[in-house]
Amino acid sequence: MLGFLARRFVWFLLTVWVVVTVSFFLMRAVRGGPFSNERSLHPAIEANLQARYHLDWPLWKQYLQYLGPFELSDTGPEALGGDGTDRFGGLLAGDLGPSFKYRDFSVNDIIRQSLPISVALGSLALVFALVLGLGAGILSALYRGRGADVWIRLAATLGIALPNFVIASFLILAFVFVLPLFPVAGWGTLAHLVLPSFALGAPFAAYISRLTRTGMLEVLSNDYIRTAHAKGVPPLRVLWRHALKGGLLPVVSYLGPATAGILTGSLVIEKVFAIPGTGSHFVNSALNRDYTLAMGVTILYTVLVYGLNLVVDVAYSVLDPRIELEDA
Amino acid sequence: MPGVSVTPPPLSPPSHARRLRTVGPAPGRWRRWAALAGLALVAAFFVRIALAARLSRADLVINNGTEIASLDPATVTGVPEGRVMRAIFEGLVAKHPRTLAPLPGMAERWELSPDGRTYTFHLRPSNRWSNGDAFTAHDFHFSWERLLRPMTAAEYAYLAWSILGAEAYTLLDPDDLYAGTEALTSVALEQLAPGRVRLAPTAFALAHAVGAAPGDRPAVGAALDVGAPLWTLAGRAAPSPLAGRVLARGDAHVELEVDENAVRNALAAGRLANDEDWRATAFSFVGVRVIDDYTLEVELHSPTPYFLGLTGFYPFFPVHRGSIERAREEFPSTWQVEWLDPSRLVTNGPFRVSERRINDRIRLVKNERYWDAERVAMRSIDVLAVESYVTMLNLYLTGEVDWIDRIASNLVPRLLKRQDFQPEPYLGTYFYRVNVTRPPLNDVRVRRALALAIPRLDVVEKIVKAGQLPNFSMMPHGVTGYAKPEMEHAPRGSGIAEADAFRRDCDEARRLLAEAGFAGGAGLRTIVINYNTSEAHRDIAEVLAASWKNELGIDVKLENQEWKVYLDTQRTLDFDLSRSAWIGDYDDPNTFSELWVTGGDNNRTGWGDERYDDLIHRAAREADPKERMRLLVQAEEVLMEELPILPIYTYVTQNVVNPRLGGFYENSRDEHFMKWFYWRDDAELEEFRSSLPAGLERVPAPGPTEGQYPPAGRDAVVR
């Protein structure tokens, strides 16, 4: 197990480095820069801005500067008229740099402010997805071929087919304008969370219900379930003790990608419901050519997705004895 | 996935024994519960964190459309930024919310010298910063120096260049500073007689740089005239030990009457060798002078009719020196961000910032130390950063937001029937840039043909639909004191059907095209319209393309680009026709006409004309306002003859406003002042509704039914 984790960690570092490098050079290769605007800057003023963020350096040097804490400046941090504008420690120092667009914030500040919001939204969405998906999937499997099953499968198909912002629109129409139960958008109270996390979780709930149904059907047809029934174990107990475990395995393996999907998929929902999470930065930073923020958010998601997959792998080995994590 | 081997699922269930071994002694039951409970706990934990910063609803909630770039008035540009700046800072003058006429701000009164070049502002001695510090003329001196200094990298610094010597100050090359420093430290000092020294010219690279600046402003060098008092060389570090007089001035040297020991001492102490001092010296050439604590004198290089209004524009707002310097000591490497933190930011306007969460809201609270606090009604304001058009409209319709500033164009016809949507034209113009360096667009006849065959009425009535005005000029409608000339076209107006006029324009366009050798579009290559991705821009481009195809036989291709790519295409002149717009910064033709001078930063058409440049140049130096306007009209006549741009329409405002909100007026700059906002009581609300055009749909007006008026009473509001 330890060996497995250690190897995973090495891979993790390698992955992050590749992601950083590729996205750094991709970002810079895109046309337009952080300071291009409808109102052109005076060349002298633009040169000053470029110099402040070291955009006048050759690319390799900027790259090292981003990775570093390296002392690369010829004139030291006081280069710009001695007002100490060089305040970027570098990635290895845990500093993601100043945001080019939101000049009153560092990227670290922005992530610190917005990530808990996205995680709150995402974890609630995951709870929705699990509770609804598992419940519907189990019901569906138990009532296979009957009315409930048909309806649930129909709903699941819809949930998978409809993008979350369409679901969000229907929810807003139904629960804000027809039945005024929830606020239409914004952030601040628990009520603000309900619609967005439901809309965000719905497609995952749909998928989970399908996985659960398939898994449960397979398990329920097994001999040991029949045996359990035969020896007089109450049906609910059979379900809970014997069937669920095997039936849930596909769901567990899906949880990693699902969590990552919920986190990264929240960008549209965040926009529709005006939620100040990390998702909106994911898109806006690229549009604004906010190099540092885009890099920061990309690195963040890389770490999250990688970490979640690791957790799922470990959880899988715990839940399913047939699977072993290779130590070698 | 590396590291995991998944054994193929056996057909039979795993043996009981094996299950026990791996799962361990604990029964699987509680694990499942624990997992669920754990997940719920994690969710609850983060929900708790996320909701910790919960705020109750402010007196007024507005949507600003996006997160603002910064709270620093000197470095921001843009409408959303401007709204916040006007709420938390105030310039020398404020503006009337409807007419935009200058009102007393930090200055209680001002005078203009007879030659129109020197303003004297008298500050109100009772002005205070939000932390209680006294507010003096030094604050403006500091703030404007900061606005102009290159390190601040203020995009709007050029607006202050109408101040004497300011342009040279901004463009002063740091290398000049270092050159000057080196020269001083090496030699450059020659004793002629006791108390009389000669400085070599390199030492005066600075003075030369200032004097010989682009835009021929000789007045700066005048400070070096014989007999003139010498500025303080050592700046802040050594208060005026070097004060002396300039005795003689040659091409290669300056002779000074000064204590040369003081100079030598200063050099030895390195006091002359830092650019702060040089900057201080250089800024003494700029026409911003503190006469006493409450008197500020501003000398312009030539009469600038719009300058007074500019002092009410946010780049000219003051910043608090004390808090910047404190942040600098406390946070040596991050002070540029730290002084803007809501807990440290000191402001001088009607409101101050109490909280800020990125992409969510800025909470403003009333600044009780503001000089006119008696007339500020709102105690708290939330400024939201909602970007989605649909979401902001939903927020407005559910009463959670009181003012939104834009709507999707497909909703315009429905909203026009409501009492809360009253669009008015403002100083913004929608046009296409033409790349005049590319054939066939280098032929003015082709450009004229294209400009004539634009169905402007279709565009405004069928696409944008909110009452935009068809425009035949660069300048939008409504620039004060300016009778804008139009490009040559068939007359329109009373008694003339638009269809007839447009047909005549198209006939003329066909004639011009034939004259240029492209009769019926024959021999013309496909013209490409570039626009930034947006449905409205695409719809307009389609209408134009269809008209050019049908009327002139020109093939047109549409190409949409992501915003920054589109900007790059425009800057690098990599286009035929490029969708464009310009919103005036102030109510004067100059904010539009300065764009088109040869090689201007915002020209981006490749066009240049000596006649135009000369007229703009002369207008900038003209003291007589009428003559100045005449020159600017002539300049636009040249522009409309040459047509490097194809004018389309004048913008209208898109504000949707809670009818209960008083003190809000549509105006020619779409500029609004939260200082004057108040809530109408029911009686006044009814009065307001009846003043609107009849037949409009009555809309709800949430808010306090008894109104919310400023402490000075309901008569203190501006109407």
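Me: Buried means under 20% relative accessible area. What share of the 328 residues in chain A is made up of buried residues?
Reply: In this predicted model, 54% of the 328 residues in chain A are buried.

Me: Let's take one residue. Why is Ile152(A) called buried?
Reply: Its relative accessible area is 17%. The cut-off is under 20%, so Ile152(A) counts as buried. This residue is found in helix H5 of chain A, residues 147-161. Leaving aside neighbours within four places in sequence, Ile152(A) is in contact with Ala136(A), Leu139(A) and Ser140(A).

Me: What makes chain A more spread out than a compact globule?
Reply: Set the two values side by side. The radius of gyration of chain A is 25 Å, while the globule rule gives 20 Å for 328 residues. The value for chain A is well over that of the rule, so the chain is more spread out than a compact globule. The C-alpha atoms fill a box of roughly 85 × 60 × 30 Å along the principal axes.

Me: Now chain B. Why is one side of strand E5 and of strand E11 left without a neighbour in the sheet?
Reply: The sheet is open, with 4 strands in the order E5-E6-E12-E11 and antiparallel pairing. E5 (107-112) and E11 (288-292) of chain B stand at the edges and have a single partner strand each, so one side of each has no neighbour in the sheet.

Me: How do you know that E5(B) and strand E6 of chain B pair?
Reply: Pairing needs at least two bridges between the strands. E5(B) and E6 (residues 118-123) are joined by 5 bridges, so they pass that test. As one of these partners, Leu123(B) in E6(B) is bridged to Ala107(B).

Me: Which helix lies across E6, E11 and strand E12 of chain B?
Reply: That is H4(B), running at about 165 degrees to E11(B).

Me: And what makes a set of residues a nonpolar core?
Reply: The members must be buried, come from a list that includes Ile, Trp and Leu, and be joined through side-chain atoms within 4.5 Å. The largest such core has 86 residues, and Ile88(B), Trp144(B), Ile163(B) and Leu364(B) touch the most other members. Helix H4 of chain B, residues 137-148, gives the most to this core, with 6 residues. A second, separate core of 69 residues includes Tyr426(B), Val459(B), Phe472(B) and Met475(B).

How values were computed: Residues numbered from 1 in each chain as written. Chains lettered and ligands numbered in written order. Predicted model: local features only at pLDDT ≥ 70, side-chain atom pairs only at ≥ 80, totals over all residues. Heavy atoms only, no water. Buried < 20%, exposed > 50% of the residue type's maximum accessible area, 1.4 Å probe, protein only. Helix = DSSP H or I, 4+ residues; strand = E, 2+ residues; numbered from the N terminus. Contact = heavy atoms within 4.5 Å. Axes fitted to C-alpha atoms, helices over the stretch in contact; angles between N-to-C directions. Rg over C-alpha atoms; globule rule 2.2 N^0.38 Å.
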